[in-house]
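Open your viewer and switch to a cartoon view. We will walk through a few stops together, selecting one element at a time.

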Amino acid sequence: MTYDLLIRNGTIVDGLGGEPYVGDVAVADGVIAAVGSVNGSSAVREIDATGLLVTPGFVDLHTHYDGQAIWSDRLTPSSANGVTTVVMGNCGVGFAPCRQEDHAVLVDVMAGVEDIPGVVMTDGLPWTWETFPEYLDALDSRRRDIDVAAYLPHSPLRVYVMGRRGADREPATADDLATMRALATEAIEAGALGFATSRFTIHKTESGSPIPSYDAAREEIEAIAQGVVDGGGGLLQFVPDIPAGGYQPVLQTVFDVAEDLHLPVTFTLIVANSGDPTWEDAITMIEKANAAGGDITAQLLPRPIGLIIGLELSANPFVLYPSYREIAHLPLAERVAEMRKPDVRARILADKPGHGHPILYVAQMWDWIFPLGDTPDYEPDPSTSIAARARARGVSPMEEAYDRLLDDDGHAMLLVATSNLANNSLSTVGDLLHRDDVVLGLGDGGAHYGMICDASYTTYFLAHWARDRKSGRFTVSEAVRELTSVPARVAGLGDRGRIAVGYKADLNVIDHAALRVHKPVIRYDLPAGGRRLDQTAEGYVTTVVSGQIIAENGAPTDARPGRLVRGRRSGPLPGQ
């Protein structure tokens with residue numbers, strides 16, 4: 001037999017946690033056709049994977065490629081880090097459904113919540129859709145490197161149904177609820193994986209208001225969830241209002257709705273760097289709900305949640321200072337020259353911040369800010385923090401941060417680790433990720449273009465947690481399982497995430513010993529020349545989507561086999 005692709009002699013990691021073994025993987029017509037010893041056969045393309053891992057493609061549950069999937073045919077950083085399927089529409093924000101007169105409202109929401117410049121969206125989106133099914137059709141008509149799937153997002157739905165009342169967060173009427181339920185049914189029937197919403201305090205519009213879904217009543221969540229059931233079922237994704245008092249009671253409301261309607265839930269979990277841990281309450285709630293027959297998972301990033309700040313990025317410790325804002329418009333080289341002048345330095349350091357987006361205030365968490373080097377360290381020694389470095393120099397943290405921002409002629413980047421470093425360690429994160437009810441997520445690819453670049457967590461997890469870390473490690477089999485079949489199960493995508501005959505041929509060939517993430521870089525490749533952070537990796541010898549090679553040794557090919565995934569599925573579809 002002649003196959004389309006034959007990967008020979010690799011160490012096969014099946015995605016289910018099975019013991020790795022040396023063998024071959026053969027692909028035909030976009031699916032895995034044979035696994036094991038494939039002798040006496042040939043292929044259009046053969047890859048010698050001796051000494052290399054062969055894994056399923058990674059599945060990322062939490063992205064925001066809603067815009068990038070329209071204006072770009074490559075979903076980087078995700079596709080450069082072994083990801084072959086992404087789920088978008090998270091946090092209840094997106095671009096459909098939407099009437100023409102409400103475009104500006106959704107642009108305001110996405111610019112504020114996801115740090116996507118408004119001009120990028122107005123120039124990059126054709127807005128050829130109004131309804132959510134029409135948006136899915138627009139996604140379906142385009143070709144890209146990897147597969148995409150989408151939730152129905154709450155904020156656009158609310159504005160579509162209620163107009164200005166929805167944007168202003170007025171209570172929904174009975175007629176509003178009935179319409180939302182019907183539109184949710186329509187979205188699920190068209191291929192949405194479920195419904196996403198948020199109550200997160202810092203999720204604000206660019207103009208500073210809470211997002212439309214922020215204080216939606218239980219009746220509204222329940223009506224939309226009932227529409228999901230009417231359409232055939234799906235996943236509920238939720239971001240609780242963590243800073244406003246922990247996970248109770250709003251999370252319990254979502255759990256109760258899910259229990260009543262027999263729907264699965266996945267939600268955002270963080271581990272505070274200090275203070276009383278709130279994650280323990282969340283885990284207790286999950287255990288109780290799942291013991292009663294629920295299907296609840298918490299999503300957790302395997303490295304610190306935080307920001308990347310710098311003079312070229314959206315945030316730095318002085319971005320809200322009037323004296324800095326006087327020179328912020330200058331080209332970088334001119335701004336650096338100004339900042340090196342003693343009088344300018346003194347004026348900025350003596351200034352006070354003005355008003356701005358609340359997320360920018362974390363840029364002065366001195367104990368949790370660290371220089372980001374060419375080999376990024378996401379579990380840094382506390383002695384390298386801005387606060388510790390300042391103490392060692394005998395200067396204030398403000399002075400130390402100021403000087404570090406001027407390193408590399410102003411191109412320096414600093415990591416603000418806002419959470420997940422309890423006791424200055426990722427150990428608690430690792431302990432939680434070993435649980436079956438906690439899954440990997442929160443990479444946020446496609447959003448926060450000027451301040452976050454966490455979509456490379458897949459590479460970091462397989463390198464740091466399954467190779468480099470001294471304690472709390474995962475075996476390679478466990479790590480690959482967490483990156484593949486586990487998120488595929490949560491998303492309801494049972495046709496991928498494992499190496500077995502009949503499953504979708506999404507694969508990675510990986511040099512595990514060489515695997516590492518690079519320092520983020522700034523690119524100006526968004527519509528209208530918009531800026532974004534990107535992060536590549538090395539160690540990916542080959543990445544395959546639907547049997548086609550999309551990247552080799554870090555270089556993309558011309559193949560664009562990525563498609564829209566419509567709806568959940570329990571296993572391989574007929575014909576696959």
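In what order do the strands of the six-stranded open sheet run, and is the pairing parallel or antiparallel? The order is E9-E10-E11-E12-E13-E17, and the pairing is parallel. Here two strands pair if DSSP finds at least two bridges between them; strands (E, at least two residues) and helices (H or I, at least four residues) are DSSP runs, numbered from the N terminus.

Before going further, note that this is a predicted model: local features need pLDDT of at least 70 and side-chain atom pairs count only at pLDDT 80 or more, while totals for chains, interfaces and linings use all residues. Residues are numbered from 1 along each chain as its sequence is written, and side-chain values use heavy atoms, with hydrogens and water left out.

**Stop 1**

Leu-300 stands opposite Leu-440 in E17. Next, show helix H9 (residues 250–261), which packs on the sheet and touches E11 (235–239), E12 (265–268) and E13. Contact means heavy atoms within 4.5 Å. The direction of H9 makes about 165° with that of E12; axes are lines fitted to C-alpha atoms, for helices over the stretch in contact, and angles run from 0 to 180 degrees between N-to-C directions.

**Stop 1: two packed helices**

Select H7 (residues 174–190) and H8 (residues 218–230). They pack at an angle of about 35°, with their axes 7 Å apart. To see where they meet, show side chains: Leu-177, Met-180 and Ala-184 are among the H7 residues in the contact, and the H8 residues include Ala-223, Ile-224 and Val-228.

**Stop 2: the antiparallel sheet**

Three strands form another open sheet, in the order E14-E16-E15, with antiparallel pairing. Its edge strands are E14 (305–309) and E15 (369–371), each pairing on one side only. E14 and E16 (residues 414–419) pair over five bridges; look for Ile-309, whose bridge partner in E16 is Leu-414.
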